[in-house]
Amino acid sequence: MHVEEKQQKVNNAKKADKKQRRCLAIIKSDCEVSPSDDPTTYLAILNVGLSNGLTEECLLQAAASTAGKVTQVFMLPGKSYCFLVCATVEDSERIYLGMHNISTIGQKGAVAYLSYVKELPALAGKSEWDRPLPGGLLVISDFVNEEEESTLLKAIAEDGRTSEGSGTLKHRNVKHFGFEFLYGSNNVDSSKPLEQSIPSACDILWPRLESTASTWDWSTPDQLTVNEYEPGHGIPPHVDTHSAFLDPILSLSLQSDVVMDFRRGEEHVQVKLPRRSLLIMSGEARYDWTHGIRPKHIDVVPSGSGGLTTQCRGNRTSLTFRRLRRGPCNCSYPTLCDTRQTKVPQELTASLAAQAVTLEQQNVHAVYDKIADHFSETRHTPWPQVAEFLDSFDPQSLVLDIGCGNGKYLGCNPLLLAIGCDRAQGLLAVGRRKGQNVFRCDCLSVPVRSSSIDGCISIAVIHHLATTERRLAALQEMARVLRPGGRALVYVWAKDQRKNDKKSAYLRQNKAVNKERTTEQQQRQKQQQELEQQLPNNTPLPVHTNRTEFQQQDVLVPWKTKDEQKTTYLRYYHVFEEQELEHLVSQLPEVKLIKSYYDQGNHCVIFEKISKVSL
Amino acid sequence: MKLSTYNFLTSMAIKGVKVGFPLKLTISKKEVVESEFNPTFVERILPKLDWSAVYGAAQVAELTEDIPAVQPENIGENELLLQKLHHLLFEIDVLEGQLECPETGRVFPITDGIPNMLLNEDEV
């Protein structure tokens with residue numbers, strides 16, 4: 001028995017040594033702090049810190065129980081270790097002997113390992129807590145008392161509209177009063193007020209707000225969204241849709257404190273929202289910064305001693321009060337403004353018409369010539385429904401692919417005689433190397449005999465034409481070359497990248513957004529900043545952010561090269577609204593629409609040339 | 001460019017051109033790419049082709065003796081002719097040369113096997 005106990009002690013000490021060495025190696029590489037074999041006044045707690053939920057209070061208590069005197073605590077955000085500064089080397093020894101491999105302050109009562117260190121880490125930069133708050137941001141503590149808090153919670157528990165499409169909000173529960181906030185469009189339908197308006201229990205807030213924050217030009221809110229967060233829940237960074245709501249936006253925190261992150265480009269400010277406080281976002285904070293809550297169980301917050309400590313989250317209910325805007329946004333912060341980004345001025349249509357040829361030359365043809373090889377590598381798998389169309393022809397039919405690119409569809413059905421044409425010499429060369437029949441031309445003047453072709457496909461081509469007239473002319477060319485009874489399949493990119501609330505493959509590949517690590521809005525903002533450095537300021541059209549929903553119909557879509565330069569080229573696209581393609585086809589006198597469908601973010605039509613034009 | 005492709009090309013998009021077909025073909029470099037002969041394939045493709053351009057191509061490709069000036073009837077029964085047509089239409093590959101508009105004389109170059117039929121803005 002005695003021997004076994006002894007053995008266990010030896011094993012335990014060995015384990016502690018091993019753990020000590022491993023942790024010290026991490027700390028050394030992390031922040032250049034070296035261990036000391038002799039006692040110093042600096043102690044490192046090797047395996048417990050802010051990242052695994054240690055509080056300053058808990059650490060000081062454990063140290064105090066050894067009767068060693070601590071003068072300073074250094075906790076670092078995101079780290080599983082921390083440091084103590086002791087009054088004397090003797091105090092340090094007392095704490096080491098009393099805590100190392102003894103104190104159960106680790107996660108789930110795990111034992112802590114300590115070591116003497118030669119120095120403290122150089123604390124890099126200022127803490128995120130020392131930064132000034134975004135302009136227009138105000139947190140008013142104790143805005144309601146505990147009694148009012150429970151009255152409000154009771155009032156909202158009784159009624160309100162539970163948000164539909166809860167699939168998108170799996171991380172929190174949501175209720176709406178006054179108007180429903182629609183998460184699909186990130187907007188409200190002002191023509192459809194809810195039966196249940198904001199509970200009258202909330203009326204106590206408004207006079208209080210007027211006296212506290214009288215400088216705002218504000219009206220009583222008419223929309224309330226209630227979010228219930230459990231510990232570990234969060235909300236991705238977002239800005240409240242500019243055109244949906246006026247300034248300011250109010251948010252009352254009930255039941256638990258939480259830390260909210262405000263971001264603008266690279267700027268990041270953390271704001272603690274205490275329980276029963278009111279957050280007011282106006283001006284810059286409302287329009288130009290995103291706000292979000294990280295999905296965590298524990299927040300890192302400033303400690304009483306000026307350092308950092310941790311705080312566990314409880315269930316939290318937030319009441320966000322807003323007033324509907326009912327019109328376009330007139331803010332002076334364009335980056336995140338939906339009004340600014342979706343507005344297509346009248347002049348745009350006119351200027352597109354005037355510059356169509358130049359635009360297509362610079363932002364379609366020239367780009368494809370430059371990116372041909374890289375582009376071709378990304379275009380190899382035929383879309384199943386296009387292949388199906390090609391398989392629907394009799395053997396020995398003659399099929400023309402207008403805008404064949406690298407010719408990926410020309411070999412799809414070997415029983416056909418397939419010929420392809422494109423504007424991009426680089427892409428044609430790829431197809432030619434594969435032994436395909438290709439020639440170079442413009443889709444507006446196809447140099448092919450009239451009524452000579454059995455089938456025609458044009459996949460992702462005419463959305464590169466800058467005016468309705470040109471898009472129609474391209475379809476007219478297809479109709480011209482088809483023999484009577486011949487059929488054409490046309491694919492164009494859809495503005496709407498969702499169908500029945502399902503995202504297209506194009507959107508699904510945006511992993512960061514799908515995992516709620518960021519939002520489309522934030523990606524747009526980030527790209528805008530990157531582009532400002534790379535490109536001339538006055539691009540003729542808005543630049544689309546890849547793998548996000550389209551904000552407008554005429555856009556420039558970036559293509560980043562794979563080489564080291566990572567050059568960004570901008571391709572012009574006109575993305576089609578629903579029925580837009582069908583409408584064009586209906587203007588062609590000699591064809592009839594056979595079928596139209598939506599396929600992975602594309603609008604598609606099949607039309608047939610009719611045998612005789614009826615007069 | 002295979003001569004089957006040549007059979008469909010026209011310069012009719014040029015402003016003022018009425019027919020633009022057949023284009024005047026010049027071959028300065030060609031090669032023969034052997035491919036499997038499928039008589040049915042050739043026979044069924046023929047009705048889609050313009051015989052005058054088939055005959056014209058045969059002349060330029062120096063295969064005049066193989067291809068008659070007028071399309072014979074019951075061509076399906078003439079496997080030898082089908083084989084010759086197969087060779088002409090699907091095996092001769094024009095690498096360098098040109099196509100010329102019969103009405104305006106506008107020249108479209110064939111480079112590395114790809115005819116460049118692109119017109120300038122002011123030609124259409």
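Author: Before we start, contact here means heavy atoms within 4.5 Å. Also, this is a predicted model.

Reader: Fine. Which residues does A:Asp261 touch, not counting those up to four places away in sequence?

Author: A:Asp261 touches A:His268, A:Val269, A:Gln270, A:Thr290, A:His291, A:Gly292 and A:Arg294.

Reader: And where does A:Asp261 sit, in which strand?

Author: A:Asp261 is part of strand S13 of chain A, which covers residues 258–264.

Reader: Is A:Asp261 buried or exposed?

Author: Buried, because its relative accessibility is 5% and the cut-off for buried is under 20%.

Reader: What does the side chain of A:Asp261 make polar contacts with?

Author: One partner is the side chain of A:Arg294, at 3.0 Å. The side chain of A:Gln270 is another, at 3.5 Å.

Reader: On to the interface. How many residues from chain A and chain B does the contact take?

Author: Chain A gives 29 residues and chain B gives 31. Between them the two chains bury about 2400 Å², with 62% of that on carbon and sulfur atoms.

Reader: Which three residues supply more of the area that chain A buries than any other three?

Author: A:Gln396, A:Arg432 and A:Arg449, which supply 33% of the area chain A buries against chain B.

Reader: How many salt bridges across the interface?

Author: The rule finds 2 between chain A and chain B. In a salt bridge, the side chain of A:Asp454 meets that of B:Lys48, at 2.9 Å from N to O.

Reader: Which elements give two or more residues to the side of chain A that touches chain B?

Author: Strand S21 (417–422), helix H10 (425–433), strand S22 (437–440) and strand S23 (453–459) of chain A. By class, that side has 14 nonpolar, 8 polar and 7 charged residues.

Reader: Now the packing. Which residues touch the most other members of the largest nonpolar core?

Author: The core has 72 residues, and those are A:Leu400, A:Ile462, A:Leu475, A:Phe607, B:Leu3, B:Leu85 and B:Leu99. Helix H4 of chain B (residues 79–91) gives the largest share, 6 residues.

Reader: What is A:Ile462 in contact with, leaving aside neighbours within four places in sequence?

Author: A:Arg471, A:Ala474, A:Leu475, A:Met478, A:Val490, A:Val492, A:Phe576 and A:Leu581.

Technical notes. Residues numbered from 1 in each chain as written. Chains lettered and ligands numbered in written order. Predicted model: local features only at pLDDT ≥ 70, side-chain atom pairs only at ≥ 80, totals over all residues. Heavy atoms only, no water. Helix = DSSP H or I, 4+ residues; strand = E, 2+ residues; numbered from the N terminus. Buried < 20%, exposed > 50% of the residue type's maximum accessible area, 1.4 Å probe, protein only. Polar contact = N/O pair within 3.5 Å; in protein donor to acceptor, adjacent residues only side chain to side chain. Buried area = accessible area lost by both parts, 1.4 Å probe. Salt bridge = Lys/Arg side-chain N within 4 Å of Asp/Glu carboxyl O. Nonpolar A, V, L, I, M, F, W, Y, C, P; charged D, E, K, R; others polar. Core = buried A, V, L, I, M, F, W, Y, C linked by side-chain atoms within 4.5 Å.
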